[in-house]
Amino acid sequence: MINRSRRSILKIGAGSFLGSALTARVQDGMREVADSNIVTIAEDPEWYMHCAGIATLDRELVCTYRKSDEHTASRVMEWCARSVDGGRTWGDHRIITDSSWEIDKACWIAPQLSKLRDGRLVLIADRGVKKSKQDWPPLSQWQKPDRGMSNHLFFSSDGARTWN
């Protein structure tokens, strides 16, 4: 069942890559990003989006994010988007991979995006085997041998237009 009680918006503090000086307020040792430096990357009230990662390319930014039907994730997709205006707007949203309880009995967990020295992008994602649709154990339990946790690498050599 999809949690429709909250609106899903993927936002990020954009001041550091928009080129504007962060005039963030520091409170209790944490920097608070000003509203003027927050941009929306994706918005969809039907999905739970999180785990955003950003990489800089020659003339654009690429963002990857995890999109799932709910926190316990019976269906999970890894997506990417791009910005050609320094992060002010985002478009060209493309799916990288999709996993579901119904088909795979597994889901993607905690994706991380990096740019390699040769310019390729790499997305590493854990794939956790689920024992039931609502199964969502602590990470320490996912990593036990009977859970079938595995790591997967997705590479893009064309600026996140295609992945393999």
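## The Arg82–Asp92 pair

In this predicted model, the side chains of Arg82 and Asp92 form a salt bridge with an N to O distance of 2.9 Å. The term salt bridge stands for a side-chain nitrogen of Lys or Arg within 4 Å of a carboxyl oxygen of Asp or Glu. Arg82 lies in strand S7 (residues 75–83) and Asp92 in strand S8 (residues 91–100), ten residues apart. Strands (E, at least two residues) and helices (H or I, at least four residues) are DSSP runs, numbered from the N terminus.

Arg82 is buried, at 8% relative accessibility, while Asp92 is partly exposed, at 32%. Buried means under 20% relative accessible area, exposed means over 50%, and partly exposed falls in between, with a 1.4 Å probe and protein chains only.

## How the model was read

The model is predicted, and local features need pLDDT of at least 70, side-chain atom pairs count only at pLDDT 80 or more, and totals for chains, interfaces and linings use all residues. Residues are numbered from 1 along each chain as its sequence is written, and side-chain values use heavy atoms, with hydrogens and water left out.

## Other salt bridges

Across the whole structure, ten salt bridges are found. Side chains of opposite charge can pair when their charged atoms come close.

One of the salt bridges joins the side chains of Arg161 and Glu60, at 3.5 Å from N to O. Arg161 sits in the segment after strand S11 (150–156), and Glu60 in the loop between strand S5 (48–56) and strand S6 (61–68); the two are 101 residues apart, so the pair links distant parts of the chain. Arg161 is partly exposed at 38% relative accessibility, whereas Glu60 is buried at 14%. A network of salt bridges links Glu60, Arg82, Asp92, Arg94 and Arg161.

Another salt bridge, between Arg147 and Asp135, has an N to O distance of 2.2 Å. Arg147 is in the loop between helix H3 (139–142) and S11, and Asp135 is in the loop between strand S10 (121–129) and H3, twelve residues apart. Both residues, Arg147 and Asp135, are buried.

## Cysteines

A disulfide is a covalent bond between the sulfur atoms of two cysteines. Here it is counted when a pair of cysteine sulfur atoms lies within 2.5 Å, and by this rule the count is zero.

For Cys63, the closest cysteine sulfur belongs to Cys80 and is 8.8 Å away, which is too far for a bond. Cys63 is buried, with a relative accessible area of 0%. Cys51 is partly exposed, with a relative accessible area of 31%.
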